[in-house]
Amino acid sequence: MGDEQLAECVKNADLVLIPAGVPRKPGMTRDDLFNTNAGIVAHLVDACAKNCPKAMLGIITNPVNSTVPIASEVLKKNGVYDAKRVFGVTTLDVVRSNTFIAEAKGLDVSKVTCPVIGGHSGITIVPVISQCTPSVSFPQEERAKLSVRIQNAGTEVVEAKAGAGSATLSMAYAASEFANALLDAMNGTVGRVQCAFVRSDETEAKYFATPILLGRNGVEKNLGIGKLLDYERNLVNAAMDELKSNISKGEEFVAKNFK
Ligand SMILES: NC(=O)C1=CN([C@@H]2O[C@H](COP(=O)(O)OP(=O)(O)OC[C@H]3O[C@@H](n4cnc5c(N)ncnc54)[C@H](O)[C@@H]3O)[C@@H](O)[C@H]2O)C=CC1
Ligand SMILES: O=C([O-])CC(=O)C(=O)O
């Protein structure tokens with residue numbers, strides 16, 4: 001797509017979802033996509049900054065832990081950054097958690113909500129099973145197994161598709177859940193909550209996914225991490241180094257490549 005077409009495509013948009021870029025192949029981490037996808041996201045967000053500066057942005061392209069900081073830095077360079085309007089879409093981690101918990105407990109998946117906090121790759125994905133609604137309990141060994149399966153679920157799909165891509169359709173489902181919740185909130189529905197990877201003061205990482213109360217202007221309130229089990233707190237601690245390094249990598253990319 002040429003720049004003019006792109007400008008036309010996003011002109012005056014209220015919400016832009018960005019899933020453009022390459023998906024993983026077996027043996028790759030999400031971070032391995034950085035070299036290809038960083039520039040794609042920066043280019044598309046730059047077009048948004050110039051043609052729909054007030055739009056909500058939902059960044060789906062991996063590595064989300066880096067592409068969200070990239071989007072934010074590009075918006076800053078354009079003088080139109082509003083942290084309340086930039087989201088990394090991590091809903092698929094919640095969809096997976098809900099599904100696996102419902103399967104394990106014989107529950108109706110549409111009635112299960114399990115927050116997932118942190119980031120969107122491997123050990124940075126932290127399912128908070130202790131905060132699941134309805135309340136569920138697992139022996140520690142089973143909780144740990146389930147948490148690791150949720151962390152590796154994207155890789156499980158990439159391996160199963162054996163080079164034919166990643167979880168495209170479940171990502172589309174998750175993105176529509178996220179987008180519909182945000183659109184409802186933008187139109188005045190009160191009480192819409194989604195976990196998303198946003199600018200955050202919850203931890204020492206500048207961006208961190210937590211449940212977010214959505215409103216007309218995007219992030220209405222960050223609902224925070226809440227109470228964690230020691231096991232979950234250890235998962236958050238274990239995520240920190242990778243998360244911070246993914247975030248810096250995104251910021252440095254924009255600092256180096258965009259004047
Ligand atoms: N956040 C999440 O939960 C998830 C994120 N993903 C990520 O989403 C991205 C897309 O994955 P899929 O849809 O499975 O891949 P896909 O290959 O099916 O689709 C990628 C799309 O990006 C477009 N594209 C490629 N280069 C572009 C460019 N320079 N400018 C504009 N568009 C471009 C392609 O034309 C294609 O339509 C990948 O980075 C993947 O890792 C995938 C699943 C879940
Ligand atoms: O794992 C991948 O490469 C795609 C993705 O983000 C997911 O399925 O959650």
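**Chat about the model**

Modeller: Let's begin with one residue: M171 lies in helix 7. Keep in mind that this is a predicted model.

Biologist: Is M171 buried or exposed?

Modeller: M171 counts as buried because it has 20 C-beta neighbours inside 10 Å, and 20 or more is the cut-off for buried.

Biologist: What does M171 touch, leaving out residues up to four places away in sequence?

Modeller: P19, I60 and L92.

Biologist: Which ligand has M171 among its closest residues?

Modeller: Ligand 1. It is surrounded by 22 residues, and the closest are A20, N62, L92, T168 and M171. Helix 7 gives the most, with three residues.

Biologist: How do the residues around ligand 1 divide into nonpolar, polar and charged?

Modeller: There are 13 nonpolar residues, eight polar and one charged in the shell around ligand 1.

Biologist: And which residues are around ligand 2?

Modeller: P23, R24, R30, N62, L92, G154, T155, V157, V158, S166 and A167. Helix 6 (residues 153–161) supplies the largest share, four residues. By type, the shell around ligand 2 has five nonpolar, four polar and two charged residues.

Biologist: Which residues does UniProt list as "binding site"?

Modeller: One "binding site" feature, from an unreviewed entry, is placed at N37, I60, T61, N62 and M171. Another UniProt annotation with that name, also from an unreviewed entry, covers R24, R30, N62 and R96.

Biologist: N62 keeps coming up. Where is N62?

Modeller: N62 sits in the loop between strand 2 (56–59) and helix 3 (64–77). It is buried, with 29 other C-beta atoms within 10 Å. Leaving aside neighbours within four places in sequence, N62 is in contact with R30, L33, N37 and T67.

Biologist: OK, N37 then. Where does N37 lie?

Modeller: In helix 2. N37 has 23 C-beta neighbours inside 10 Å, so it counts as buried. Beyond the residues within four places in sequence, its contacts are G21, V22, T61, N62 and T67.

Biologist: What about R24, buried or exposed?

Modeller: R24 counts as buried, with 23 C-beta neighbours inside 10 Å. It lies in the loop between strand 1 (15–18) and helix 2. Apart from neighbours within four places in sequence, R24 is in contact with R30, L33, V158 and S166. Of these, R30, V158 and S166 are also among the residues around ligand 2.

Biologist: Switching to the whole chain. How many helices and strands?

Modeller: Eight helices and eight strands. The radius of gyration of the chain is 18 Å, close to the 18 Å that the globule rule gives for 259 residues, so the chain is as compact as a globular protein of that length. The C-alpha trace spans about 55 × 45 × 35 Å along its principal axes.

Biologist: What percentage of the chain is buried?

Modeller: Buried residues make up 43% of the 259 residues. As for contacts with a separation of 6 or more, 67% of them are accounted for by residues 24 or more positions apart.

Biologist: How many residues are in the largest nonpolar core?

Modeller: 71 residues. V41, V45, L57, I59, A71 and V116 have the most contacts inside that core. The largest share of the core, nine residues, comes from helix 2.

Biologist: Which residues does V45 touch?

Modeller: L57, A71, V74 and L75, not counting residues up to four places away in sequence.

Biologist: Which domain does UniProt put on residues 90–254?

Modeller: The annotation, from an unreviewed entry, is "Lactate/malate dehydrogenase C-terminal". Over residues 90–254 the chain is 48% helix and 16% strand, and the end C-alpha atoms are 22 Å apart.

Biologist: Last one. Where does V136 lie?

Modeller: In the loop between strand 5 (125–127) and helix 5 (140–151). V136 counts as partly exposed, with 17 C-beta neighbours inside 10 Å. It touches I101, K105 and I129, not counting residues up to four places away in sequence. The C-alpha atoms of V136 and F253 are separated by 42 Å, and the two residues are 117 residues apart along the chain.

How values were computed: Residues are numbered from 1 along each chain as its sequence is written. Chains are lettered from A and ligands numbered from 1 in the order in which they are written. This is a predicted model: local features need pLDDT of at least 70, side-chain atom pairs count only at pLDDT 80 or more; totals for chains, interfaces and linings use all residues. A residue is near a molecule or strand if its C-beta atom, placed from the backbone, lies within 6 Å of it. Helices (H or I, at least four residues) and strands (E, at least two) are DSSP runs, numbered from the N terminus. Ala, Val, Leu, Ile, Met, Phe, Trp, Tyr, Cys and Pro count as nonpolar, Asp, Glu, Lys and Arg as charged, and the others, Gly among them, as polar. UniProt positions are given in the numbering used here, feature names are shortened, and annotations may be inferred rather than shown by experiment. A nonpolar core is a set of buried Ala, Val, Leu, Ile, Met, Phe, Trp, Tyr and Cys residues joined through C-beta atoms within 7 Å. A residue is buried if 20 or more other C-beta atoms lie within 10 Å of its own, exposed if 12 or fewer, and partly exposed in between; C-beta atoms are placed from the backbone. Two residues are in contact if their C-beta atoms, placed from the backbone, lie within 7 Å. The radius of gyration is taken over C-alpha atoms; the globule rule is 2.2 Å times the number of residues to the power 0.38.
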